[in-house]
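This report goes through selected local features of the structure shown here.

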Amino acid sequence: MPFLVTLVTAVVLIAVLCLLNLLLTFGVIRKLRARADEKADRVADGLIIPAGSAVPGFSAVTTAGERITREGLGETMLGFFSPDCRACKERLPLFVEQARTTARETGRSVLAVVHGTDEEAREQVAALSEVAHVVVEPGDGPLGEAFDITGYPVFGLITVDGTLSATAFDPGRLPAPSKATV
């Protein structure tokens with residue numbers, strides 16, 4: 001009988017230690033995810049002009065033939081993509097969904113820039129044209145230069161006064177848009 005009590009006590013002690021280990025592991029995972037999100041936001045800061053900067057003037061033509069300028073944009077959600085970028089392909093559906101929500105809920109315009117040739121960008125342009133004004137340009141095009149793009153993908157929000165208010169490496173990390181005033 002004393003052997004059975006000792007065995008049950010050992011099993012209960014091991015079970016408690018396993019549960020404690022599991023709780024600590026979940027805590028560590030949560031902390032690592034938070035750090036990864038912070039690191040991703042810092043990465044975006046090096047890919048585009050810093051948040052809080054005034055967007056320099058530019059002029060470009062969309063795939064639909066519209067001429068766009070910084071002054072004509074107003075509040076805008078923007079994204080920069082490259083056809084040969086794996087992360088761009090992964091984040092493209094997130095951007096399209098976020099753009100759809102942004103346009104529907106706020107009336108804010110959406111601008112997508114694909115750096116490459118028309119042929120290379122065909123697939124991305126097809127997905128983005130439903131929800132955004134799309135510009136295809138070489139890496140040294142007017143929008144790439146205005147925003148000082150050094151990597152892809154990168155996303156941002158432009159305010160009415162032409163300030164880049166937020167940047168992110170992931171479109172889901174951009175602040176939720178405020179409701180448009182009617």
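R86 is exposed, since its relative accessible area of 66% lies over the 50% cut-off. The structure is a predicted model, and side-chain atom pairs count only at pLDDT 80 or more. R86 forms a salt bridge with E90, and the closest N and O atoms of the two are 3.9 Å apart. Because R86 and E90 are four residues apart in helix α3, about one helical turn separates them. E90 has a relative accessibility of 48% and therefore counts as partly exposed.

Four salt bridges are counted in total. One of them joins the side chains of R100 and E97, at 3.7 Å from N to O. Both residues belong to helix α3, where R100 and E97 are three residues apart, about one turn of the helix. R100 is partly exposed at 32% relative accessibility, and E97 is partly exposed at 43%. Salt bridges that share partners connect E97, R100 and E130 in one network.

Another salt bridge is found between the side chains of R70 and E71, with an N to O distance of 3.6 Å. Which of these two residues is exposed, and which is partly exposed? R70 is partly exposed, at 23% relative accessibility, whereas E71 is exposed, at 57%.

## Strand β3 and its neighbours

Strand β3 spans residues 76–81. Six of its six residues are buried, so the strand is mostly covered under the 20% cut-off for burial. The side chains are divided between two directions: T76, L78 and F80 point one way from β3, while M77, G79 and F81 point the other way, and all of them are buried.

β3 is joined to strand β4 (residues 109–115) by six bridges, and the two strands run parallel. L78 has L111 as its bridge partner in β4. Between the two strands the chain passes through α3, and this β-α-β crossover is right-handed. β3 is also joined to strand β6 (residues 154–158), here by five bridges and in an antiparallel arrangement. In that pairing, G79 stands opposite F155 of β6.

Five aromatic pairs are counted. In the pair F81 and F95, the ring centres are 5.3 Å apart and the planes are at 70 degrees; angles over 60 degrees count as edge-to-face, so this pair is edge-to-face. F81 lies in strand β3 and F95 in helix α3 (residues 86–106), so the pair ties together parts that are 14 residues apart in sequence. F81 and F95 are both buried.

A nonpolar surface patch of about 850 Å² is formed by M1, F3, L4, L7, V8, V11, V12 and V16. Among these residues, L7 is located in helix α1, which covers residues 2–47. L7 is partly exposed, because its relative accessible area of 43% falls between the 20% and 50% cut-offs.

Is G144 buried or exposed? G144 is buried, with a relative accessibility of 4%. G144 is part of helix α5, which covers residues 142–146. The C-alpha atoms of G144 and V114 are 9.5 Å apart in space, and the two residues are 30 residues apart in sequence.

The loop between α5 and β6 holds D148, and P153 is also placed in the loop between α5 and β6. The backbone of D148 has a phi near 50 degrees, which is a positive value in a residue other than glycine. D148 is partly exposed, with 47% relative accessible area. Further along, the peptide bond from Y152 to P153 is cis, and its omega is near -15 degrees.

Definitions and conventions
Residues numbered from 1 in each chain as written. Heavy atoms only, no water. Patch = residues over 30% accessible without salt bridge, like charges linked within 9 Å, V, L, I, M, F, W, Y side chains within 5 Å. Areas by Shrake-Rupley, 256 points an atom, 1.4 Å probe, with all protein chains shown as cover. Buried < 20%, exposed > 50% of the residue type's maximum accessible area, 1.4 Å probe, protein only. Phe/Tyr/Trp six-rings, centres within 6.5 Å; stacked < 30°, edge-to-face > 60°. Pairing = 2+ DSSP bridges. Right-handed = clockwise from strand over helix to strand, strands pointing away.
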